[in-house]
Amino acid sequence: MTSLSDQVKSIHIADFDYPLPDGRIAPHPCEPRDACKLLMRDRDAGISHHIFRDLPALLPQHTLMVCNNTRVINARIRMRKPTGAEIEIFCLEPEQPRDYAQMFAATGSCRWICLVGNLKRWKEGELQKELTLPDGSRALLRAANLAPAKGNSRLIEFAWEPAHATFASIIEAAGYIPIPPYLNRDSQQADSTDYQTVYSKIKGSVAAPTAGLHFTPEVLADLRAHGTDMRELTLHVGAGTFQPVKSQEIGGHPMHTEVFSVSASLLRELIEALAQGRTVAAVGTTTVRTLESLPYMGRRLMKDPSLHVDDLHVDQFEPYQGDEFSTLDALRALLRKLDDEDRDSFTASTAIMISPGFSWRIVSAMVTNFHQPQSTLLLLVSSFLSRTGAPLNEWRRVYDEALARDYRFLSYGDSCLFI
């Protein structure tokens with residue numbers, strides 16, 4: 001008998017293709033944000049059409065809604081060689097220091113794992129760029145190409161003067177917002193605001209959690225008025241979110257790893273909500289991936305309580321190993337570990353791949369955008385829509401409806417509510 005893991009790995013990504021005309025990819029967001037279209041697909045498989053600001057009234061009573069408060073950094077830095085050749089450095093993840101908060105507080109120098117555009121023109125030597133910092137003072141940024149890193153990335157060392165300036169101020173002055181490549185345009189000044197959620201706080205992402213871009217202060221206030229509890233976690237979105245699936249079967253696709261932070265208070269609220277049968281709504285696939293990773297981390301602690309909570313990680317196909325366990329017991333084990341260590345939060349990582357065959361344990365409602373054809377995000381949507389017995393191609397019915405009604409797609413496009 002074929003195992004669940006093998007069945008999942010043999011899923012063909014070509015089965016998750018659909019025609020997406022360039023004209024349906026939104027190059028800019030709707031104005032105002034909460035005036036975009038909202039497609040709702042309910043528990044009875046009914047599809048209805050709304051405006052995003054209708055969201056609070058569409059959610060079940062006493063919903064616990066969780067969003068990702070990460071903030072996109074100016075991760076693309078353009079510098080020039082003395083010859084005039086332009087080199088673009090795309091900061092992917094911190095290397096030294098590795099902690100994001102320590103990185104943005106770093107002074108004098110730091111090291112990042114980066115992608116380098118026009119790398120063949122930068123074999124040696126230091127690049128320099130003069131900057132005007134946010135406080136109006138002047139600075140000089142230098143970049144050195146140290147060594148190859150994982151994949152086709154490079155280890156880049158940044159150094160700057162005056163040395164007392166923080167890297168947060170340096171990158172804010174030196175870089176620009178890395179909008180998605182499928183927008184087929186350069187970043188504009190408006191993207192500095194448009195490509196951030198209104199509740200973004202913790203710097204570290206190189207891509208926005210775009211399902212949250214539609215929220216406004218008015219929608220957040222209306223959610224509270226309707227009895228929805230809004231809570232936050234942090235997952236720093238990496239460039240891997242745009243990584244195409246190049247293998248025919250998804251078992252050949254290496255899922256990217258992302259780092260997240262979750263508070264003990266959120267764990268307590270999740271346990272309480274699940275025990276009471278309340279709806280847990282996730283804003284975006286990054287929030288989904290974080291929440292659905294938590295039970296597997298708790299399961300690891302149930303098996304080995306000596307594990308350090310910050311060393312926890314969920315492997316790509318770990319959820320398909322067939323082990324039966326209680327979600328609530330697993331979350332309680334995770335919370336116990338935090339209490340034992342007198343911690344109010346923890347940081348861990350996940351490479352979880354959510355696809356048809358996945359057993360949903362926490363999330364029972366999702367706000368998300370319309371995703372690229374043949375993407376891992378579309379696999380996630382398919383899994384969620386089919387979790388209650390709908391056909392695996394239920395996603396296609398939803399997307400066909402959206403295309404027929406002129407919805408806008410991808411990062412700056414319209415929204416979905418799946419319940």
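# A tour of pockets, helix contacts and loops

The count comes to three cavities of 30 Å³ or more. The model is predicted.

**Stop 1: the largest cavity**

Select Pro 29, Cys 30, Arg 33, Cys 36, Leu 213, His 214, Ser 411, Tyr 412 and Gly 413; these residues line the largest cavity. The space inside is about 60 Å³. Colour the lining by class and you get five nonpolar residues, three polar and one charged.

**Stop 2: the largest pocket**

Now centre the view on Leu 92, Glu 93, Tyr 100, Thr 257 and Glu 258. Of the 40 residues that line the largest pocket, these lie nearest its centre. The pocket holds about 1,200 Å³ of space.

Which elements each supply at least two residues of this lining?

- the strands β6 (86-96) and β7 (109-117)
- the helix α3 (100-105)
- the strands β12 (202-205) and β13 (229-235)
- the strands β14 (258-263) and β17 (345-350)

Pick out β14 in particular: with six residues, β14 gives the largest share of the lining. By class, the lining of the largest pocket has 17 nonpolar, 15 polar and eight charged residues.

**Stop 3: the second largest pocket**

Select Tyr 182, Thr 241, Phe 242, His 371 and Leu 377. They lie nearest the centre of the second largest pocket, which is lined by 27 residues. Its space comes to about 410 Å³. At least two lining residues come from each of α8 (285-303), β18 (365-369) and α10 (376-385).

**Stop 4: α8 against α9**

Show side chains on both helices. From α8, select Leu 294, Pro 295, Gly 298, Arg 299, Leu 301 and Met 302. They meet Thr 327, Asp 329, Ala 330, Leu 331, Ala 333, Leu 334 and Lys 337 of α9. This contact of α8 with α9 has eight nonpolar, two polar and three charged residues.

**Stop 5: α10 against α11**

Next take α10, together with helix α11 (residues 394-404). Here the axes come within 8 Å, with a crossing angle of roughly 110°. The pair α10 and α11 is therefore roughly perpendicular. On the α10 side, pick Leu 378, Val 381, Ser 382 and Leu 385; on the α11 side, they meet Glu 394, Trp 395, Val 398 and Tyr 399. The residues of this contact divide into six nonpolar, one polar and one charged.

**Stop 6**

Is α4 mostly covered or mostly uncovered? Select residues 167-174: helix α4 is mostly covered, with six of its eight residues buried. The buried residues are Phe 167, Ala 168, Ser 169, Ile 170, Ile 171 and Ala 174.

Step back to Pro 162, in the loop between β10 (154-161) and α4. The peptide bond from Glu 161 to Pro 162 is cis, with omega near 5°. Then jump to Pro 32, in the loop between α1 (4-9) and β1 (37-41). A cis peptide bond also joins Glu 31 and Pro 32, and its omega is about 0°.

**Stop 7**

Select Leu 183, in the loop between β11 (175-176) and α5 (191-194). Leu 183 is buried, at 8% relative accessible area. Beyond its neighbours within four places in sequence, Leu 183 is in contact with Ile 25, Ala 26, Pro 27 and Tyr 412.

Leu 183 and Leu 410 are 227 residues apart in sequence, but their C-alpha atoms are 9.0 Å apart in space. Leu 410 is buried, with a relative accessible area of 3%. Check its backbone: phi of Leu 410 is positive, about 70°, although this residue is not a glycine.

**Stop 6: Asn 118**

Finish at Asn 118, in the loop between β7 and β8 (126-132). Phi of Asn 118 is near 65°, a positive value in a residue other than glycine. Is Asn 118 buried or partly exposed? With a relative accessible area of 30%, Asn 118 is partly exposed.

Definitions and conventions: Residues are numbered from 1 along each chain as its sequence is written. This is a predicted model: local features need pLDDT of at least 70, side-chain atom pairs count only at pLDDT 80 or more; totals for chains, interfaces and linings use all residues. Side-chain values use heavy atoms; hydrogens and water are left out. On a 1 Å grid over the protein atoms alone, a cavity is a set of points where a 1.4 Å probe fits but cannot get out, and a pocket is an open set with protein on both sides within 12 Å along at least five of seven lines; lining residues have an atom within 4 Å of a point. Grid points are joined across faces, edges and corners, and a volume is the space filled by probe spheres set on the points. Helices (H or I, at least four residues) and strands (E, at least two) are DSSP runs, numbered from the N terminus. Ala, Val, Leu, Ile, Met, Phe, Trp, Tyr, Cys and Pro count as nonpolar, Asp, Glu, Lys and Arg as charged, and the others, Gly among them, as polar. Buried means under 20% relative accessible area, exposed over 50%, partly exposed in between (1.4 Å probe, protein chains only). Contact means heavy atoms within 4.5 Å. Axes are lines fitted to C-alpha atoms, for helices over the stretch in contact, and angles run from 0 to 180 degrees between N-to-C directions. Angles under 35 degrees count as roughly parallel, over 145 as roughly antiparallel, 65 to 115 as roughly perpendicular and the rest as oblique.
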